[in-house]
Amino acid sequence: MISSKRSADQLPGDPRRLNLEYRTWHFVGSEGDENGFDAWDVSVRSSRYLDRPKGPATKTVRHEIGSMRLFRLRMDERFSPFPFSDAEGYDVGLSHLVLGVYDLGRGGYRQEFRDAVTDCDGDLLVLFDMRLDPAWRGFGLGPVLAAEAVWTLADGCSAVITATHPTELPDAPMGEAAFGRAGEKIAALWESVGFRRRAGSLGHLLDPRTDEARDLRNERRRDLDALADAWRGSLRC
């Protein structure tokens, strides 16, 4: 179970009413087949009921409380012979991350990557960044939400990789020590989802075909249930 830094009664709302909204796009026509990767924007939304003066008793409103960006890089020649090269044109940080597992010279996964996963015949999913409003932080929801997004989009992928550096920097500059501590906290979060630190340039990698990764996803779902039960219990106090 993920330990919470804040008590459940401080939650802004019912964690069971959180939902994820997935959005992607591509060009219509021939250019749509040239894109070697899918960019996914995932919104984290909190649903709650509002009383209506007339008509049905309640209506549901949804507020965005966070977001994630994921990329699926397709190992399929129907799209692009070098799908990972498309990442460079999108974002330098994304390019550096995926080139840790992809060999541009040979046009495929690095041997270290092949040795680290159950089956290298598949696409690569990148969990690039994640943001959660401050009011919802400290309850262990980050791993729950990340696990759900990863498992929704990772079907047919060889692996999922992610970065371990902060993507949302504070207004004041961070020193080297503070940056390192932030990286350690992020790495611990990813490891609770199933990412494991690999040697060399592979970074943190999740193999969706392992029992461990599936078991951790189920643990995070149980964490959510426990948190929701605690929140509802606090309302009766």
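1. Arg214 is partly exposed, at 31% relative accessibility. The classes use a 1.4 Å probe on protein chains only: buried is under 20% relative accessible area, exposed over 50%, partly exposed in between. This is a predicted model, in which local features need pLDDT of at least 70 and side-chain atom pairs count only at pLDDT 80 or more, while totals for chains, interfaces and linings use all residues. Residues are numbered from 1 along each chain as its sequence is written, and side-chain values use heavy atoms, with hydrogens and water left out.

2. Arg214 has a salt-bridge partner in Asp211, with the closest N and O atoms 2.5 Å apart. A salt bridge here is a side-chain nitrogen of Lys or Arg within 4 Å of a carboxyl oxygen of Asp or Glu. Both Asp211 and Arg214 belong to helix 6; they are 3 residues apart, about one turn of the helix. Helices (H or I, at least four residues) and strands (E, at least two) are DSSP runs numbered from the N terminus. Asp211 is exposed, at 52% relative accessibility.

3. The structure has 17 salt bridges. Glu21, Arg23, Arg45, Glu64, Arg131 and Asp133 are linked in a network of them. Within it, Arg23 meets Glu21 at 3.1 Å, N to O. Arg23 is partly exposed at 36%, and Glu21 is partly exposed at 31%.

4. Glu21 also bridges to Arg45, with the closest N and O atoms 3.2 Å apart. Arg45 lies in strand 2 and Glu21 in strand 1, so this pair ties together parts 24 residues apart in sequence. Arg45 counts as buried, at 17% relative accessibility.

5. There are 4 aromatic pairs. To pair, rings of Phe, Tyr and Trp (its six-membered ring) need centres within 6.5 Å; planes under 30 degrees apart are stacked, over 60 edge-to-face, the rest tilted. The rings of Tyr22 and Trp40 have centres 6.4 Å apart and planes at 80°, so they are edge-to-face. Tyr22 sits in strand 1 (residues 18–23) and Trp40 in strand 2, so the pair ties together parts 18 residues apart in sequence. Tyr22 is partly exposed, at 26%.

6. Trp151 carries a charge over its ring: the charged end of Arg217 is 5.0 Å from the ring centre. The criterion is NZ of Lys or CZ of Arg within 6 Å of the ring centre and within 35 degrees of the ring normal.

7. The largest nonpolar core has 35 residues; Met68, Leu70, Leu127, Leu141, Leu145, Val150 and Phe195 have the most contacts inside it. Such a core is a set of buried Ala, Val, Leu, Ile, Met, Phe, Trp, Tyr and Cys residues joined through side-chain atoms within 4.5 Å. Elements that each supply at least two residues include strand 3 (58–73), strand 6 (123–132) and helix 5 (176–193). Helix 4 gives the most, with 9 residues.

8. Which residues does Phe195 touch? Not counting residues up to four places away in sequence, they are Leu127, Val150, Val160, Ile161, Thr162, Trp190, His204, Leu205 and Leu206. Contact means heavy atoms within 4.5 Å. A second, separate core has 20 residues, among them Leu97, Val101, Val126 and Ala159.

9. The structure holds 0 disulfides; the test is a pair of cysteine sulfur atoms within 2.5 Å. Cys120 is partly exposed, at 24%, whereas Cys157 is buried, at 2%.
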